[in-house]
Amino acid sequence: STEGMARVTLLPEAGTKPLYAIRETAEGRRLEPLVDLDVIFPVLHGTFGEDGTLQGLFELADAAYVGAGVVGSSVGMDKGVFKDVMVANNIPVVDTLVVLRAEIEKDMAAVIAKAETLSEYPLFTKPANLGSSVGVTKCNNRSDLQEGLMEAASFDRRILVQKGIKDVREIEVSVLGNDDPVASVPGEILPSREFYSYESKYIDGTSGYEIPARLPHETTQMIREYAVRAYKAIDCAGMARVDFFVEKDTNKVYLNELNTIPGFTKISMYPKLWE
């Protein structure tokens with residue numbers, strides 16, 4: 001029931017395991033122990049839920065929680081740093097350029113010129129630190145690119161420009177475990193829109209999927225191996241969904257991103273892949 005619903009908080013002090021209700025009284029605000037916590041399952045996506053911020057609060061409170069810690073969460077969330085870590089671990093990623101909002105505001109033409117050296121169109125622009133395909137734009141020409149950069153810059157001070165790979169399949173794999181993680185079978189997303197957007201993930205539910213994905217055995221094994229290697233490389237824990245692009249003609253594999261708190265709706269891939 002929403003009646004009498006209280007705002008709640010966790011104190012950043014070890015030994016204070018309860019969740020506290022924040023009560024507004026005539027004398028001011030006071031905290032009232034509400035319920036003891038055994039373990040926290042933070043099914044919170046994106047900023048403050050998946051980026052290490054909330055995990056830092058759990059660490060300060062010395063509370064047990066599901067999923068990646070501070071480092072794994074923050075590196076998994078920051079697409080720019082994540083791609084650098086993948087490159088350092090010899091895991092193939094799509095060619096990417098990181099630009100700052102300040103650079104866009106100072107000299108948009110220079111940023112566009114730099115971005116166009118990355119690849120021919122299409123290019124994708126995206127905020128470095130947002131999930132669920134928020135702020136992502138597919139850019140088919142210079143005008144689109146300018147709009148896409150401005151759109152992404154409205155969400156973050158660091159923006160990615162990414163080479164658009166033509167004729168790709170979107171493959172996802174679930175990883176589960178801590179020190180010795182294991183990967184599920186891969187599944188293929190069949191997007192209902194031009195790319196796997198926020199709307200197709202959460203709102204209309206019209207994207208289909210095929211589990212297991214129809215891939216050559218060696219490609220399947222490579223994807224599962226890369227997923228586990230990426231998971232270990234960022235010190236992930238608990239669970240993650242790792243997303244890949246596979247070129248249709250060549251079966252060349254690119255690791256796109258790793259989601260430390262994957263979707264948990266009825267249409268989400270993470271549980272379906274294990275199922």
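Predicted model: local features only at pLDDT ≥ 70, side-chain atom pairs only at ≥ 80, totals over all residues.

Trainee: In which sense do S8 and S12 pair, and over how many bridges?

Mentor: Strands (E, at least two residues) and helices (H or I, at least four) are DSSP runs numbered from the N terminus, and two strands pair if DSSP finds at least two bridges between them. Here S8 (residues 168-177) and S12 pair in the antiparallel sense over 10 bridges, and S12 is also antiparallel to S13 (residues 253-259), over six bridges, with Phe-245 opposite Tyr-254 in S13. S12 and S13 form a hairpin with five residues between them, and Asn-251 in the turn has a positive phi of about 60°.

Trainee: Why is S12 described as largely enclosed?

Mentor: Buried means under 20% relative accessible area, exposed over 50%, and partly exposed in between (1.4 Å probe, protein chains only). In S12 (residues 238-247), 10 of the 10 residues are buried, so the strand is largely enclosed by the rest of the structure.

Trainee: Which residues of the largest nonpolar core touch the most other members?

Mentor: A nonpolar core is a set of buried Ala, Val, Leu, Ile, Met, Phe, Trp, Tyr and Cys residues joined through side-chain atoms within 4.5 Å. Of the 27 residues in the largest one, those touching the most other members are Met-86, Ile-223, Val-242, Phe-244, Leu-255 and Leu-258. Helix H3 (79-88), S8, helix H8 (217-233), S12 and S13 each give two or more residues to this core, and the largest share, six residues, comes from H8.

Trainee: How are the rings of Phe-41 and Phe-264 arranged?

Mentor: Rings of Phe, Tyr and Trp (its six-membered ring) pair if their centres lie within 6.5 Å; planes under 30 degrees apart count as stacked, over 60 as edge-to-face and the rest as tilted. The whole structure holds three aromatic pairs. For Phe-41 and Phe-264, the centres are 5.7 Å apart and the planes at 85°, so this pair is edge-to-face. Phe-264 and Tyr-270 form a tilted pair, 5.9 Å centre to centre with 50° between the planes. Tyr-270 is buried at 6% relative accessibility, whereas Phe-264 is partly exposed at 34%.

Technical notes. Residues numbered from 1 in each chain as written. Heavy atoms only, no water.
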